[in-house]
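I'd like to talk through some side-chain contacts, charged ones to begin with and then the rings. Have a look at this while I talk.

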Amino acid sequence: MTFRLPFRLPPLAAIGLGAALLSPGLALAEFSASASLAGLKGTAGAFELVCSPAACIDSRFSATPGEVASVSGSFTDLGYAMSGWGQGWAESLLTLRAGSGLSVVGPDWVGPGHAWSAIALVGYQTELEVTPAPATDTGRGVEMTLRYHLDGITGLNLTGGATGTAVGGVFAAAFGFQQLMCTPVPGVPGDCEVVVRGLTFDTPFPFELRLQTVARVLGPAAGGAYTGTATADFRSTLTWTGATLRDANTGEVLNGWSLYGGGGNTPLFTSPVPEVPAAALMALGLAGLGARVRRRR
């Protein structure tokens with residue numbers, strides 16, 4: 001059993017997928033964020049962008065959230081005009097933010113194979129652990145569904161035969177070998193789910209989560225004048241909204257558990273132990289009263 005906080009947290013009202021959100025606090029985790037800009041002349045090399053920072057890439061690594069990676073840049077020469085930006089940061093294990101965008105104008109003498117991109121990536125590595133209710137068999141295998149909500153704006157406007165991409169995506173990894181996509185939830189715009197299999201209660205496991213945005217404009221395949229803007233702005237937020245646990249063998253939804261991050265030190269979500277409905281309690285009380293009356297007779 002790993003170290004726990006020296007106090008017991010009371011059950012909270014259920015939200016999301018039947019799990020209540022607890023204060024994320026500071027977790028034992030490795031946070032990272034990066035933002036980059038690039039322009040390629042096909043096989044002829046790269047455009048020399050004027051950026052801040054000068055390398056056209058900013059990378060941040062930290063044991064605590066909050067480090068912001070930010071880059072901006074431009075290129076202007078012989079009829080070209082390009083400007084772009086990227087930004088990403090983590091607020092906690094529960095909230096990631098990233099966005100990128102660019103605008104390009106290419107003159108009529110442009111050759112084929114030109115590509116421009118703005119990319120932002122933010123994420124973390126940590127250990128998660130699920131602690132069951134005392135009456136639950138700690139050795140049972142469980143499957144966990146993690147629910148996320150992604151708010152963002154994408155935009156793509158192209159002319160002259162240019163093509164492009166403006167997208168934000170969420171992906172995860174567990175145990176070092178499970179590569180997991182966040183699958184959209186039908187009928188719930190912005191929601192997606194990550195399913196982690198092969199868990200055991202009271203056993204920490206490594207977990208990684210990433211939010212990436214990509215804005216890209218490609219010049220026309222035959223060359224010539226073109227314009228393009230691409231925006232993938234998901235700085236509004238990627239929020240981890242809940243979790244559901246099921247028995248790996250029967251599919252039964254499990255209650256009464258708590259999910260911790262940072263190697264078991266930071267409470268993230270909890271599922272209250274189901275309470276007996278008031279009507280059922282009254283029925284039990286009446287049954288007990290009847291039994292007592294019969295015994296007296």
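So, let's start with aspartate 58, which makes a salt bridge to arginine 60, with 3.1 Å between the closest N and O atoms. Keep in mind that this is a predicted model. Is aspartate 58 buried or exposed? It's buried, because its relative accessibility is 10% and the cut-off for buried is under 20%. Arginine 60, on the other hand, is partly exposed, at 31% relative accessible area.

Next one: glutamate 193 and arginine 147. Their side chains meet in a salt bridge too, at 3.3 Å from N to O. What does this pair link? Distant parts of the chain: glutamate 193 belongs to strand 13, residues 191–200, while arginine 147 sits in strand 9, residues 141–159, and the two residues are 46 apart. As for accessibility, arginine 147 is buried at 12%, and glutamate 193 comes out partly exposed at 23%.

Then there's arginine 210 with glutamate 208, another salt bridge, where the closest N and O atoms are 3.7 Å apart. Arginine 210 has 14% relative accessibility and counts as buried. Glutamate 208 is partly exposed, with 29%.

Okay, on to the rings. The structure has 13 aromatic pairs. The one I'd like to show you is tyrosine 80 with tryptophan 116: the ring centres are 6.2 Å apart and the planes sit at 55°, so we call this pair tilted. Tyrosine 80 is in strand 6, residues 80–92, and tryptophan 116 is in strand 8, residues 114–131, so the pair ties together parts 36 residues apart in sequence. How accessible is each of them? Tyrosine 80 is buried, at 6% relative accessible area, and tryptophan 116 is buried as well, at 1%.

That pair doesn't stand alone, either. Ring pairs link Tyr80 and Trp116 with Phe47, Phe75 and Trp109 into a cluster.

Which residue lies over the face of phenylalanine 47? That's lysine 41, at 5.2 Å from the ring centre. And phenylalanine 47, remember, is one of the residues in that ring cluster.

Key
Residues numbered from 1 in each chain as written. Predicted model: local features only at pLDDT ≥ 70, side-chain atom pairs only at ≥ 80, totals over all residues. Heavy atoms only, no water. Salt bridge = Lys/Arg side-chain N within 4 Å of Asp/Glu carboxyl O. Buried < 20%, exposed > 50% of the residue type's maximum accessible area, 1.4 Å probe, protein only. Helix = DSSP H or I, 4+ residues; strand = E, 2+ residues; numbered from the N terminus. Phe/Tyr/Trp six-rings, centres within 6.5 Å; stacked < 30°, edge-to-face > 60°. Lys NZ or Arg CZ within 6 Å of the ring centre and 35° of its normal.
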